[in-house]
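Hi there,

Here is the structure I promised to send over. Have a look at it first, and my notes follow below.

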Amino acid sequence: MAAMQHPDAASIHAQFEETCSDFQVPATRAAAEQILTSFRQIPQVLSVCRYILDHTQSPMVQFQVALAIGDVAMRDYLLYSLDDLTGLKTYLIEYCLQRPTLMKYVRVQLLRAVALITKRGLFDMADKEKEAIFLHVKYLLEMDNEPSQILGVSLAIELLDQFSSGKSLSVGLTWEFHYNSKVFFESHILLPLFQQLIGKLHTMIGSHQPQPDCVPPLLIEILTLLEKILQWDFEATNTTAVFSGSFAKAPDAADDFDREDGPTVVKKTYSLFPNTWQPVIGNAEVIWLFFMTYSVVQADEQLAHRCRQCLVQLAGFKQEFFNNDTAAIKNYATTMVHGILKMTSGILAGGNHIEGLAEQGPQMLGTIQMIRRLLENMPLPVLCSIPEFFQFLNEIGQLQLLSLQGTISDIDEGWIGEACDECLQTWVKLADVVQPSDLRGADPKAGLSQTEIQTLTQYMRNVAYQIVEAYIKTRLEYAKRSLEEDEEEEEDEITSGFKDWDTYADQLTCIGILGRLNPHQSLLILQQVLDERFTQLKAYFTTNVLDADHHLWVLHEQMHWITLVASHILADAGKGEQPMIPDSLMHLSGSQPLNEDQVVNLCKRFLEIFSFTSSFGANSIEASNCSPRVAETLIWFMERWSRSYLLIDENEYGFISPNIAKAFGRPGPSDGEGIYIVDFFIQQMKANFVLWNAEQDVLLQLVRWLDTCGNCTNLRNGLLQSNRYPELVRFVTENLDHLPVVIHNSLVQTITTISSGASDPNIRDTHLALIFGMIEERLGSVLHDPNFSQKFQQADVTNNLLNVLEMFDGLALASQFSNTAIIFTFCSKFFASFLQLMNIYRTVLEVQLALLQFFADLASRMDSGQLETGQKQTFYHIIIEMLRSFGAANQGKKRLHSQEEEADKPYADISVVLALLSNLMAFELEDFNHSTDNRAGSASHSDVADVILFGVNTVIPMIDLEILKIPAICQQYIKLISNLIEIFPDKLAGLPSELFNNLIASLEFGLRHDIDDIKILTLHAIAPLAMWTHKQGLDHANVDFIKPALSKFLSELLNLLCFQHVDMNIMDAAGDALVSLICVQKDTYMTLVNQIISQQPAEIQPRLLHAFEELDKVTTKDKLPTLQEASNFKEALLSFLMNVRAVLRVK
């Protein structure tokens, strides 16, 4: 190439210089871009590129030429000889070498072109040339001047990026090529490169240590490359199956560290390297070198971050990495402990001043991440054998206290808070050794001597208490600091939507676990601070005076936090299961006399506080000084606590404290007094409904507590057995008018659900009659107004109607097996009125939504088996009429998509209709599946199909592609269409052509959708559609109308599987759909296969042909596959795709 200079090189160069100048001017940039693009089309342009580089001094020209060289070399690779391209690489490296003052971005782009050419020609090279890839880097690194060494490291960075999974550029190479290139690089170059860099780093740090205020540029480049190497995603240790053709996603942000990004969470707490790396990165001297490097660069924020990330990776080795060699494991662990101690000493030397903590946040987080990884991956017996181990734990404890202190003020963009959480998780890991949460696994104490176990246990008990005590004090101080920072601050958490028990859930859970490790001390401090604040609170309400240091707002805030901490120590959340009382608390309670029982006394104190804060009249002066935040937190506490403690079932425990059984248990052997607490709770619920009738969040928490009682067997039975429960029902039905509308739906639902659980039908019916009567009276007050027809559009009338419809919806949501018949009987009395309302309010979206939502929820919650055939027919009829009214009101309606997308629930009316139809289908299908005589249900099965098709025909004209861009609606819609085709394929032949075409277009849209769940739903529709078509063909029915659609699906599916990004989770549904489509479209399939093969390069055609032939061996030809045949096909399909996608998928 050097000898064949282009005849017009000089004139092209002149034009290129001018174009690059124009490119930097906004007004001429577009035209310049076109010229730069056309430049790449010049024949043999690489020789022109060399000419321009040799004759230009402009960095922009150099940069644009470097870009062109990379693009053209990849595009026209086959037009040049390997020697020419090798010469070009050498030229580019020499070009950079001879110009040490090149702008960095120019140098990077030139070396990127070298890396691209190297990767593209990798498998055309001889073995000696492959070895030269690393030798070029080594040669540059061994030169005796810094610019050359920097060039060597920069070249290695570009090579590493292009051979990696995530940062390689899209250059038109197959997935197999990229994968094999990466495997070659990591198995032949990565380790020697790392060793070369370590040697260079050792020379720099050991021989002539750089000054912290003047870090050499070479050290910056070396640390950048070392970080990349240590974060390499090794194929050799990849534990998850690699699906051919699946390219790694490129990083969202630049790799460079940005302080403003805040803390970086390390997702994995272990590092996986090939065992061949162990002698190098597991070497104590190499690890210590990184600690020494950190001491040099820690004043430089960016380099310190890179070095810490290297150390975090080095701290994550498992013992298997050392082939379970105890001596090697101990040597590694000892080195890490000593190095981390060196880092913690530096942090702790800075003191606990706010300014110092703000600067130390990143260092603290990185250090704690290292600590966590080390403790989670190294065997505890090895760690305990290290003499400095308990000193190490002491310093971790000091870091924990320091990070807790730092969380009082948000001083560092989250670094300290992240460090605090990481440290808490580390202590919890150690606590799980001392007090395992799950006894079914291996003994975490295995390998420890009895002395070591006792020492560690006692140590952890002491540390746990110190952390709990510090956390409580920190939260109390936080309350004071919040007031000092903003005297006018309101309790804005109640309106923010996020509660502290959610925001700080991980922290509080850790504190709960640690608190149970030393329950005596932890409950002692809790009781003390709680009693102090409660005493102050009572004194304030008695004298209306507080000390200056105890502002009422602070007092409320502190009680809020004490309650949160206590709740997490006393009880677990137990989501999805019955939470048990923690063993350590049960045993502590059992070891103490009843009057000195810490667990019982603390629980009773909270009951007393709850009673005190609920005892004031809504309009009293005292009520104005109560805190809705504290009230909500106390109610949340009662909800959490009551699930574990109240009416406890003694049979569920191997050991039960007689004190707890007596104080909170059931009447019976232990003479439990829990039923009296249930009575007390009912009184407090009523009091709080009155006291906080204007506080929405408090009332919603009250309803959630009631709902928890309704869903917990012990509590629901306790409520129903209480003599006071009828009072609660009457209270709700008589006072609902005085409570905010927002809770009416959920309160009606909750009370109905609880009442429906009464074992005596008469009692149940009595409770439900009160609820029904209240709702009927409310509806009557609206509809029976003589002037309703004149004022139905007035805001107050519409709001009253919406309110009562919300109550009806609460009934619908409460429907279940035990009450379906009675709720339906009541609601069906008003179906005609609802239809009239649908027509009257045809222009009022809110009313239409409320009515449709009621029917959607009724279909979702009712047990269809509890309704008689006539009742079902009534239900189906009213739904058709409601949909007819909805369709008439919305026919031709123009929607402003921009407004809809900004709404809280875009296209809410379409969404609720789709939900109604889906729920109705599930409602009838459930009855059909459970019916002992399916023939008897076939008529209604047909009826529901007619209703669904009527609804689909109504709603489809309202749905366009803009609406389907909303993922939630698209998923609803495709699910409905999928279920319709899967369950009622026989109805397809009778559909109007326009509706049928819309259904098919919907499936095409779903098959191309980015969301996998939508793809799967679509495939679930295509498979039965193809099967139905095949069966119809066997019966000689006319199915020509559907075959073009199936051909489209087959083409789309083959294109998706062979050429598009595919996640493994769709493969099962895709296999079912593909085998069914092949069965019914054999000729089309063969045509498509031949097209795929013929359109590919000649060198891979034999491979593709063989792959399709192998798949053909397990493909059924003239009949639908059996379950076993379908399973065999899907297994073969996976093997087929692993083979062909490797050469068909291109990046």
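Is Cys510 buried or exposed? At 4% relative accessibility, Cys510 counts as buried, where buried means under 20% relative accessible area, exposed over 50% and partly exposed in between, with a 1.4 Å probe and protein chains only.

Before the rest, please keep in mind that this is a predicted model, in which local features need pLDDT of at least 70 and side-chain atom pairs count only at pLDDT 80 or more, while totals for chains, interfaces and linings use all residues. Residues are numbered from 1 along each chain as its sequence is written, and side-chain values use heavy atoms, leaving out hydrogens and water.

On the cysteines: the structure holds 0 disulfides (a disulfide is a pair of cysteine sulfur atoms within 2.5 Å). For Cys510, the nearest cysteine sulfur belongs to Cys420, 9.0 Å away. Cys709 is also buried, at 5% relative accessibility, and its sulfur lies 7.6 Å from the closest cysteine sulfur, in Cys712, which is too far for a bond.

Now a helix pair. Helices here are DSSP runs (H or I, at least four residues), numbered from the N terminus. The axes of α25 (residues 552–570) and α29 (residues 628–645) come within 9 Å and cross at roughly 10°; axes are lines fitted to C-alpha atoms over the stretch in contact, with angles from 0 to 180 degrees between N-to-C directions. The two are therefore roughly parallel, the word for angles under 35 degrees.

Contact (heavy atoms within 4.5 Å) involves residues including Trp561 and Leu564 of α25 and Trp636 and Phe637 of α29.

Best wishes

Notes. Parallel < 35°, antiparallel > 145°, perpendicular 65-115°, else oblique.
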